[in-house]
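Please look through the sequence and the model before reading on. The paragraphs below move from strands and their pairing to charged side chains.

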Amino acid sequence: MMKKRPITSVDVAVVDIWNRELGHLSSRNFAHRLSASQDLVLRLDIHRKLEKHRGCVNTVSFNEDGDILVTGSDDRKVILWDWENGHTKLSFHSGHTNNVFQAKFMPHSDDRTIITCAAEGQVRQAQILENGGVETKLLGKHEGRAHKLAIEPGSPHIFYTCGEDGLVQHFDLRTGAATRLFTCQPIKDRWDFRPVIHLNAIAIDPRNPNLFAVAGDDEYARLYDIRKYKWDGSNEFGQPTDFFCPPHLIGDDRVGITGLAFSEQRELLLSYNDEFIYLFTQDMGLGPNPHPGSPVSMNSDASEIGVSHDSGTSPSNMDSDDKTIPQVFKGHRNCETVKGVNFFGPKCEYVVSGSDCGRIFIWRKKDGQLIRVMEADKHVVNCIESHPHTIVLASSGIEHDIKIWTPKALQKAILPKNIEQKPRARGWMYSPIATPQDLMLQLFSLPRRRFRTESNGENSAADRELLELILTFNANSDSSNDDDGDTASHEDLFS
């Protein structure tokens with residue numbers, strides 16, 4: 001008896017068209033199924049390169065309609081692009097005195113209000129005038145680099161920022177004033193040697209804008225509820241409502257989180273430096289008071305300890321339910337820069353991330369399967385942004401251009417061989433060292449680390465750490481005096 005030919009993605013698309021014509025599949029569902037098609041993901045190719053910036057491009061973001069892309073760079077400029085035709089609609093100086101790290105349109109502002117944050121810590125507003133001019137003004141400031149901002153979904157007025165000073169601020173454009181919500185602090189057993197958590201990322205739950213998450217240079221993502229804040233300042237608002245962390249990373253002080261994102265289904269995606277990407281559902285939280293512990297193995301990766309979609313237990317907690325084990329996505333490398341992570345597809349069917357190897361990685365969300373690797377940058381890919389309505393990606397990194405990806409390739413791509421790499425451990429050197437205060441905090445923490453390394457028989461490890469720390473501080477001090485946006489400086493690597 002002849003074997004049946006397996007149904008391919010093209011066959012499925014033909015069936016969907018047939019069902020749509022018969023009225024069995026609505027036009028909206030047909031569009032969603034088509035946009036989520038793995039066949040299209042495998043045909044993504046560079047549509048065009050957008051070239052005008054004179055420095056590393058640190059932020060890419062679409063407007064609500066998806067016809068305009070806003071970008072920001074080390075050259076301190078913000079550019080609005082007609083990305084489909086490759087033309088610039090507007091280019092202006094942001095008003096920042098250092099690298100622009102994020103730029104976003106405010107919703108329902110007719111694409112005339114843009115919010116930015118940057119390496120000098122400033123948070124600014126750019127208003128596009130009727131005559132085509134641009135007015136910029138200072139809204140607030142962080143004492144340290146401000147990597148990310150998060151806009152309340154659908155709000156033309158409200159957004160949040162976070163910075164390496166650990167501060168989270170709330171902005172309302174109707175008042176023009178910043179509200180300092182709290183400074184993110186470590187869990188209690190680390191208060192003695194780390195007063196604040198340097199924050200890299202912030203995101204708002206799209207289904208419940210009262211909830212937002214922040215993450216930085218420790219292993220936890222923290223979830224907060226703005227409804228617990230009293231606007232008269234009568235209480236301290238700094239205790240998270242929930243913590244998220246893979247079980248095997250609890251207690252590992254060598255890792256931090258560089259990027260996070262919420263899906264439309266309220267899942268939380270976390271990208272760790274020197275580690276992997278993890279997907280959490282709401283019921284995977286550790287609660288408001290997590291118990292600090294020790295990682296399973298300081299030298300083990302997720303695959304070695306069974307953290308995967310088909311594992312039922314974790315050696316760090318043998319009686320854990322399956323629901324406590326997050327989905328893991330691996331193959332990329334996240335060691336050298338502060339990388340974002342994102343969802344892709346009309347219903348967040350895929351996970352996308354850049355890598356130190358200059359490639360874009362795309363995984364299926366449901367099972368963590370790596371399905372696509374794309375060459376995108378000679379050095380590092382930091383930012384990947386999905387179009388709001390169709391299967392289009394924008395990416396940027398250390399190079400000075402932005403790449404637009406559309407499913408135009410005639411042939412479906414196949415995975416290259418030998419992709420998966422175990423991330424290089426950069427450990428505690430991940431923490432930013434930009435000021436004398438940062439240097440002293442790291443020095444004060446060395447005795448604890450020295451005891452741990454010597455107990456493992458590595459007598460000279462702490463001495464090497466001290467030397468590397470001092471050299472890194474000197475290098476950072478030198479690079480802070482260099483304002484040339486066209487070189488790959490320390491600021492480039494941590495953008």
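In strand 10, Lys-148 and Ala-150 point one way while Leu-149 and Ile-151 point the other way, and all of them are buried; here buried means under 20% relative accessible area, exposed means over 50% and partly exposed lies in between, computed with a 1.4 Å probe on protein chains only. In a regular strand the side chains alternate between the two faces of the sheet. This is a predicted model, in which local features need a pLDDT of at least 70 and side-chain atom pairs count only at pLDDT 80 or more, whereas totals for chains, interfaces and linings use all residues. Residues are numbered from 1 along each chain as its sequence is written, and side-chain values use heavy atoms, with hydrogens and water left out.

Strand 10 pairs with strand 11 in the antiparallel sense over 4 bridges, where strands are DSSP runs of E with at least two residues, numbered from the N terminus, and two strands pair if DSSP finds at least two bridges between them. Within this pairing, Leu-149 stands opposite Thr-161 in strand 11. The hairpin of the two strands has 6 residues between them, and Gly-154 takes a positive phi near 80 degrees there.

A second example of pairing is an open sheet of 4 strands in the order 22-23-24-25, with antiparallel pairing. Its edge strands, each pairing on one side only, are strand 22 (341-344) and strand 25 (370-375). Neighbouring strands of this sheet are turned by 20 degrees against each other on average, direction ignored; the axes behind such angles are lines fitted to C-alpha atoms, and angles run from 0 to 180 degrees between N-to-C directions. Strand 22 and strand 23 (residues 350-353) pair in the antiparallel sense over 4 bridges, and Asn-342 stands opposite Val-352 in strand 23.

Turning to charged side chains, the structure holds 15 salt bridges, a salt bridge being a side-chain nitrogen of Lys or Arg within 4 Å of a carboxyl oxygen of Asp or Glu. One of them joins Arg-145 to Glu-164, with the closest N and O atoms 3.2 Å apart. This pair links distant parts of the chain, since Arg-145 lies in the loop between strand 9 (134-141) and strand 10 (148-151) and Glu-164 in the loop between strand 11 (158-162) and strand 12 (167-172), 19 residues apart. Both Arg-145 and Glu-164 are buried.

Elsewhere, salt bridges that share partners join Asp-39, Arg-43 and Lys-412 into one network.

Finally, Asp-225 is found in strand 16 (residues 221-225), and its relative accessibility is 10%, so Asp-225 counts as buried. The side chain of Asp-225 makes a polar contact with that of Arg-227 at 2.8 Å, a polar contact being a pair of N or O atoms within 3.5 Å of which, within protein, one must be able to donate a hydrogen and the other to accept it, while residues adjacent in sequence count only if both atoms are side-chain atoms. Leaving aside residues up to four places away in sequence, Asp-225 touches Asn-210, Leu-211, Phe-237 and Thr-241, with contact meaning heavy atoms within 4.5 Å.
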